[in-house]
Every structure is written in structure tokens, then in C-alpha cells.
Amino acid sequence: MQNIVIIGNGIAGVTVARHIRKNSNDRIIIISAETDHFFSRTALMYVYMGHMKFEHIKPYEDWFWKKNRIELVRGYVSEIRPKEKELLIEDARIIKFNKLVLATGSKPNKFGWPGQDLFGVQGLYSKQDLDLLEVNAPNKEVCKRAVIVGGGLIGIELAEMLRSRNIAVTFLVREQNFWDGVLPEGEAKMINEHILDHHIDLRLATNLVEIIGSENGRVKAVKTDKGDIIDCDFVGLTAGVTPNITFLNNSGLDLGKGIKVNKYLETNLEDIYAIGDCAEQLEPEENRRAVEAVWYTGRMMGETLAQTLCGNKTAYKPGNWFNSAKFLDIEYQTYGWVNSLRNRKEYELHFHWRHLTEKICITLAYHHSTKKFLGINTFGIRMRHKVFDRWLNEERDLEYVVSHLRDANFDPEFYRQYEPEIIAKFNSELNAQISLKKKQWNRIF
Amino acid sequence: MKTYDKNMAISSLGTNSLSSPQKIGLTIGYLGLFIVLLAAFNPSFPFKTIWLSIALLSLFIGIIWYSRASYLPKLAGIKNDGVWFNAISSKGWAGWLAGIAITSFYIVLYFYPQYLGLNANGSNTGIIGLFDPLSRLLSGNPASQWFVYGTLYTVAILAFGVKFILKYRHNRYEIIRTISVMFFQTAFAFLIPEIMARLNSTLPYYDLKNMWPLNYYNFERYRINSFIEAGDIGLVMLFFGVLSVFVISPILTFKYGKRWYCSWVCGCGGLAETAGDAFRQLSDKKLSAWKVERWVVHSVVVFVTLMTTAVIYSYLGNDTSKYWLTKNMFLIGVTLVLSLVFFGVMLFKRNEFKKDAKYGAIGYFVIIISLIGLHYFSGDGNVFLFKSETLRKSYGFLIGSIFSGVIGTGFYPIFGNRVWCRFGCPMAAILGFQQRLFSRFRITTNGGQCISCGNCSTYCEMGIDVRAYAQKGENIVRSSCVGCGICSAVCPRGVLKLENGPLKGRIDSNDILLGNDVDLMKLVDKN
């Protein structure tokens, strides 16, 4: 029986623990400085918005850990000593390990803006950040205006959170359109409109220059590169995240942006592994980034590493890319690769359909000569993961995918379906003559 | 730096303050309620018809006004902001106050209708008297406490139904489902029985959509007699009552799951889904609550089965020449049906039961059969040790009144809006049993898209820990699911879909979720 110690109780760390327990009797210890129990990080926003209490975002009841013999230690790991196979908690307590899994997650980016450490300036990542937000922006009397810097997923979530308490929000986005480093232009523009519909003061192509403080060290205003001074009581820094690895600086681990790992999620030191947000792949899969701070990849690395630790050495080989998010009221799903204007491949063409009045659209990416289907983005229409995963594996062509869209539709029953309109536009735009196939269960399952 | 205590800050959270139109709506609504309450003090209203109309209309308009003011200024989408900060929806002081008020109302309604103004020997006074004009208009008779209750119940389902539709106006499943419960309540539970009473006074009050065992009294002697006395129409209705239990319901449940009844047709479900919607998040999601639920609800099924058998048995004769169905024939029939179900399930579906479910099923089956056998061989007058009348009365009191009414609705603001449906309703348990084992219905989990956020579990009124399945990539096939569709609606990642699909692959479980290495998924899931 070996002693497996996991640092970090997020989705990556907890997944690896659960899967080790399924397959072995090893001793499992999870160390976290953040909370006693695992919670869903992506759901923190709902606690502030009053949709759920903190206890609701814990996926397992508190007795789960004892029952599954997963030991939980609350503390901040200040140092690891790979040679001695031990680590130090808060410079005092020593814990020995046979295998060490680093799943330490991320921290919000701070790019050295003047005033970034003033009171009332914060990121949104951890439970502590949520508690701090409750202090910095509890209501619209204490926080008359908030400024959010960084137009990504966390930025728009923070804007939605603050708006739920009627706090005025100014949203500074560096790009020409919201998240257009990832989204194709038509989609990014649709989200721009939706942000404005929610009475958020969206400022595109605008950079933060300085955060101005008052004499008592609180944020008072921000200055943008357009020369505007915006008075505010709160600044949310949401310009991405970076691996949380500073405590490992002198550990002997090979560090880059994150902790460098090979295909087997092994670091350069024996018996030490890294998974989740903090891992940096030495040889990432085609199209994928070396550091992927996404819920699903954290989970999949956990599933994979558990196999290795239980004696079935397995390489991390994520399947087809997928992701999802919700931009205020608009749900977004993606399967395969649909690239933004900036990242578009030379062979990649897009077919885009948008509803005339509703905020609903889809974009299909395909290969210009082979017409192979490369990926889909959908906004306001749910799609079946299983079906798209299969179509990507089978390398279906674009026409097959468009004509079988009904098989993939995952919207609730009785929802309006837009496949006929999509096909009509497809036929006229691409000079095609395909017809819509009826939904068939035997093709779906 | 000043820090703000979370709880202290709650009163000033932006989501809690009311806008002027919302205040107007509340005022109108409370005015209607005030007139009804005023009637309880027995003033002699000069124009009862007018005052009753004003009261009911104010309630109706007030609720709709308030809902429009709450939802229409915002974009269509999920409207759960501040649910856990609001004193009514988070078991705060307002929730407890509402709970106590509704519970007290039910106690008076069931056990002390005279305080509402019921007068068996003269004309009604008080609240019941206020409703006389409407009752006379519909059935020609003076109002009873049940008429008052039925009217308020229908107004609540209609007005809060509109609220629900406004709240979920982006979701056509919710809109259509809500129109359905509003229709069935108004037509089948409220209007048709009153009109039938006017046309044929011998017919018992019969809400056609109510099935045994929900209307546990349907096969009692007085009802059977009045069905028979009413002639052909009565016999057709009696036949329909039997048909709906043994044929119509199983077919519909097979095709669509129990939701066709529980969240599309049923009156209890209708009130829970409309007036009770604000409390759905209060249901207990703990594993321990699920254990209690299974034992309690199935015990009620056993109780109602024993009770009904005893009651029917008590009025059947022994002489085959008078009527083909005799006491003995009936008991043998019941034994046969129960054995068929029991052995059929144990033979073909035993792998789908957990250990405690098996023990429970065997235990209860043995108890019922030995009670029947005990009686059959001893020839005792009381089937099942107790007098049938005692059984009937205790069931009516404990389950019919206390559980379904007082606790079931009175405790909405404390235990959530489906306490009765989840812990007490024998009909829901029988439909659920079928839904779990013989149905095309399931909630499909969308591959690996779940982020374990917990919205689905939190807003499940039946207390199902939906997330526990979704995060494993496993379909939700639970007997208690009433198919309200809210888990799917509140899911921010499009993970859940209620659907009626093929039986193959309906119940699945994956150790490694979709999205990971294909070979690994195959390897692990094979083991």
C-alpha cells in the first residue's frame, strides 16, 4: 500500500483521488489551503447571486470522504522536498508521501498595473475571492460602480454577478469584440449586443492604464488608454489566470508557465505528477494549448493519472475538444475546433447562421477542399455531445453534419427547432442541395 | 476598512427591494385576501356576489400584476437571483410565517369547517357564506368548505400559473406543461364535477383525472352505490376509474414517464408547480432523506392497498348467484394481481434493485399475502386484523388529511413544494415504480459537459441529487422524478434533457467520461 498525497482539492485533485479509490486500497491524502471540502469552482458565481448557498455547490456530502477513506488536510503547503519524499505544511507539519500529485490550480493574472493591490481591487478565482467580493461589493450602496478589466469568461460572469445586485458595471475589453480571440466575429458581436442589453457599460478596444486610489488606500477610479477616468468603488481583474506554482520555485521541479509534464503527466522528478490548471504539457496535442485551465481537462487528467497510479500506465490523450459556457442568458457549446479570426487556419472556412431576432446562432468550421467537418459553435441551441464526438471521430463531411443536425439537437422538448432555416441558408450560400434528415434514435445511441 | 457581515447585508441586497409596480401588485393581491379574511368575522356583506368577485379578481390581478412587474422588465432567462437571500424562499421569517398560516388554514378546513362558516342546518355564514353565490351559479347548491377550497385552489393554480409562465417564458416545455395543469385543474377538478352535479344529482363528485390510489375513496361502498344508481353514465365512470388504473396509466407511463400525470395533469402537482414554485429549492437532497422517502412512500402504498382491499371486501357478498364478484373471488383476485407483479419483477428486474429495496419488497409482499391467507383460512369477519372501517378512517385521517393537506401544502415554505408527492403519495409511488422499471422516459446526461455546479440538484423539487448522476455522465432514471424539467432549464451548460427514448442504453454508467481518451473509456467501462 502506498501513500498518495494530492495537493489541491479542485476537480483535478478530487477526480484522481476518487478514481484511485475505485481501483486500489492506497492511502489517499488531499491537502487544501482553500476549503475543507471540494466545491465546484465554476459555481461560485451562483452563491453571490443567491441561486445557491455554498453548501449546494459541494458535489459530495461531507460524509463522502470518510466513507471512501480519502483523508482531508486543511493547510497551505509551503515547501516540497522531493528527495526526502515529504512536504511541509505552513513551515511546521511534515507529511510523507510515496507519490505526490500536484493539482494546485491557478491564480488570477495581474499584469503590473499601477494600483493593482489597492483595497477594492481583486480577481475572482477562489472561495476567498468570493468572500472578499462580499466585502468589496455587497450591494449598490457600498459599491456604486464596478469596473471589470478583461473580456473573458470570468469577466462576463463577474459582470453578471454584480448586475444581479443592481450594481452599475463598466466592462473594459482589450479586443475589438468580446472574447474575439476565441470566438469568430459574428458570435463575438452577438455577445456584445447581449452585454449591452443587460445594461453593462461595455467598452471595447479599451485598456486599463492605471487604478487610482484614495488617500486611505481604496480604489477611487480607473484610467483607460482612451483617456477616460471612470469613478468606481471596485475593480475586478479578470484578464485570465496563470498556474499557481510559486511555492515550487526551489523544489527542483522543471517549471515553465506551469509545471512541465510529459504525456504520462509525470514531472521531471520521480513519483511527482502534475494535473489540471497547473500542468504544462511538454508536447500538447495538435491544436491544444500547453496549459489548459478548463474544468473538463482537469477532470480528464485526473481520470487518466489515476490509471497510472494504480498500475495501468496511461498517457493523457484527450479526445475531441469540447467546452461550454454561459454568457448571461446565452448558453454556448463547442465541439471540435472553430477558430477566431486571429487563429483561423488557412484551410478553415466557416458557415454561420444567426436567427433574425433572437440571440441564437451557430458556426460550423470545415476544410475548404475536403469539406471535412472540423467543429461547431452553438449559441442558444444545445447539442448532443455524444453525436458530435462521434461525427468528429468518423471525420464526417460538412453536408452530412448539416443534414443530420436533428440527431444532434439537445434542446428541451417542444423548443422551436431551426434546422430548416439553417439548411435553407446553407443551400443558398454554399450552392448545395441537401435536405434535412429526420431524427432517428438508432443513429443517436 | 469597514467589513460587512454577510447576514446583516442581506436586507440591502439589490435583489430584495421592490419596485413600485411590484408594490401595486402586492397591494391589489392583499386587498383580495383581506376581503376573504374579513368575511371570516361574519359581517353581513350586502352584495355578496360583488364582494366575492372583487376578492377573487383582486387576488388574480394582484398576483399577475406582481409577476409582470417582476419578470417582464428583465430579459428572458433563469430568474433565481436572490432566491437564498429572500426571507420567503430561504426558510426565513416570512417562510415560517407563511408555513404556520397555511398549516392553520388546513387544520381549520379539514377539522373545524364551522369556523369558516359552514352551517349544515341553515344558511352558511363567514367565508363559506361569501362563496355561496358562485356555488349556486355552478351547481345550484350552497357552498361547502370544499367548494371554497376548490375555488381558492383553482385561483392559485391559474394566477401562479401565469407567474410561472412569465418566469419561464423562454422555455416552451414549461409553458405548455403549465397550461396543461391550469386546464386540468379548471376543467376537470373544478368545473366539470360541479356541472355534473347540476345535471345528475345522484352522481358522486368525481374528478375524472383523479385515479386510485390518489382518490383512495373511489371504490368505497357509498360511491359504488351512487355510480350504480346514476345509471349508464355512472357505470361508464366507474369503468373508467378501473380502466385508468390498470390500462390508461400504465400505457402513458410507459411512453412518457410518470410526468404525464404528476406534472401535467395532477392537481396536487399543479399547485406544487405553480404556487409552490418559489419553494422548490427547499427539498432535502441528502442521501438520508432519500432513504426515509423510499420507506415512507412505499409504506403508504401498502397501507392504501390493504385499506382498499378491506373496504371493498367488507361490502361484497358471498353468494355467486347474486353478483359474480364475491368476497372470496375478490381476495383471490387481489392475491393474484399482487403475486403477478411481485414475481414478475423479481424474475425479470431483480438486478435493478438494491439490497434494501429487495428486502422491503419481499417483506411487504409476505405481510400482505399472509394477512390475506390468515383471513382466508380462518374465515374471520375482519380482513387484516382491523375492521375495514378503522382502516378506512385512519387512512383518511392520517394520509388523506394530515399528510396530503396539512403537511403536504402547509409545509411548502419549510420542506419544499413536493413533500406530499415525494414522501406520501401512493399514486406517485406506483407510477414511479413503473417509471423506474418499465418506461421510455429518462433524463439524458450530455456526455462530459457537467461542471458539478449543483443548480439541478438545488432546484429539484423532488430532492433528487441530479448532479450526482450528471457528473458521472449517467442518465437520471429515478422513480421519484416527476419530469418538471427545471433541472434541464437551470443547467448553465445544457447537460440535461428529458426525453422518451429507446429502452436500450437507458440506464448507463461510465467511469471515464466522454471527452477523454477513447481507448481508456473503452478499457475502463468494460471492467
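A:Lys371 sits in the loop between β24 (361–367) and β25 (373–379) of chain A. Its phi is near 65 degrees, a positive value in a residue other than glycine. The model is predicted.

**Backbone geometry**

- A:Lys371 has 15 C-beta neighbours inside 10 Å, so it counts as partly exposed.
- A:Lys85 also has a positive phi, near 50 degrees, and is a residue other than glycine.
- The loop between β4 (77–81) and β5 (86–89) of chain A holds A:Lys85.
- A:Lys85 counts as partly exposed because it has 18 C-beta neighbours inside 10 Å.
- In chain B, the peptide bond from B:Trp212 to B:Pro213 is cis, with omega near 5 degrees.
- B:Pro213 lies in the loop between α8 and α9 of chain B.
- Most residues other than glycine have a negative phi, and most peptide bonds are trans.

**Contact between chains A and B**

- Chain A gives 56 residues to the contact, and chain B gives 56 residues.
- On the side of chain B that touches chain A, the elements giving two or more residues are α1 (6–9), α8 (172–199), α20 (455–458), β2 (496–500) and α23 (518–526) of chain B.
- By class, that side of chain B has 22 nonpolar, 24 polar and ten charged residues.

**Helices α9 and α10 of chain B**

- Helix α9 (residues 221–229) of chain B packs with helix α10 (residues 232–256) of chain B at an angle of about 135 degrees. Their axes are 6 Å apart.
- That angle makes α9(B) oblique to α10(B).
- From α9(B), the contact uses B:Ser226, B:Phe227, B:Ile228 and B:Glu229. From α10(B), it uses B:Gly234, B:Leu235, B:Met237 and B:Leu238.
- The residues of this contact divide into five nonpolar, two polar and one charged.

**Helix α4 of chain B**

- Helix α4 (residues 93–111) of chain B has 19 residues, which should span 27 Å at 1.5 Å a residue. Its end C-alpha atoms are 27 Å apart, which agrees.
- The buried residues of α4(B) are B:Gly95, B:Tyr106 and B:Leu109.
- These residues cover an arc of only 65 degrees around the axis, so they lie on the same side of α4(B).
- The partners packed against the buried residues of α4(B) are α7 (145–167), α16 (388–410) and α17 (412–415) of chain B.
- B:Trp93, B:Ala101 and B:Ser104 are exposed residues on the face of α4(B) turned away from its buried side.

**Helix α3 of chain B**

- Helix α3 (residues 48–71) of chain B has 24 residues, and at 1.5 Å a residue they should span 34 Å. The end C-alpha atoms of α3 are 34 Å apart, in agreement.
- Its buried residues include B:Leu52, B:Ala55, B:Leu56, B:Ile63, B:Trp65 and B:Tyr66. B:Ser58, B:Gly62 and B:Ser67 are also among them.
- The cover over the buried residues of α3(B) includes α2 (20–40), α5 (126–130), α6 (132–138) and α7 of chain B.

**B:Ile367**

- B:Ile367 belongs to helix α15 (residues 355–378) of chain B.
- B:Ile367 has 13 C-beta neighbours inside 10 Å and therefore counts as partly exposed.
- B:Ile367 and B:Tyr30 are 337 residues apart along the chain, and their C-alpha atoms are separated by 52 Å.

Key: Residues are numbered from 1 along each chain as its sequence is written. Chains are lettered from A and ligands numbered from 1 in the order in which they are written. This is a predicted model: local features need pLDDT of at least 70, side-chain atom pairs count only at pLDDT 80 or more; totals for chains, interfaces and linings use all residues. Two residues are in contact if their C-beta atoms, placed from the backbone, lie within 7 Å. Helices (H or I, at least four residues) and strands (E, at least two) are DSSP runs, numbered from the N terminus. Ala, Val, Leu, Ile, Met, Phe, Trp, Tyr, Cys and Pro count as nonpolar, Asp, Glu, Lys and Arg as charged, and the others, Gly among them, as polar. Axes are lines fitted to C-alpha atoms, for helices over the stretch in contact, and angles run from 0 to 180 degrees between N-to-C directions. Angles under 35 degrees count as roughly parallel, over 145 as roughly antiparallel, 65 to 115 as roughly perpendicular and the rest as oblique. The expected span of a helix is 1.5 Å times one less than its number of residues. A residue is buried if 20 or more other C-beta atoms lie within 10 Å of its own, exposed if 12 or fewer, and partly exposed in between; C-beta atoms are placed from the backbone. The arc is that of the directions from the helix axis to the C-beta atoms.
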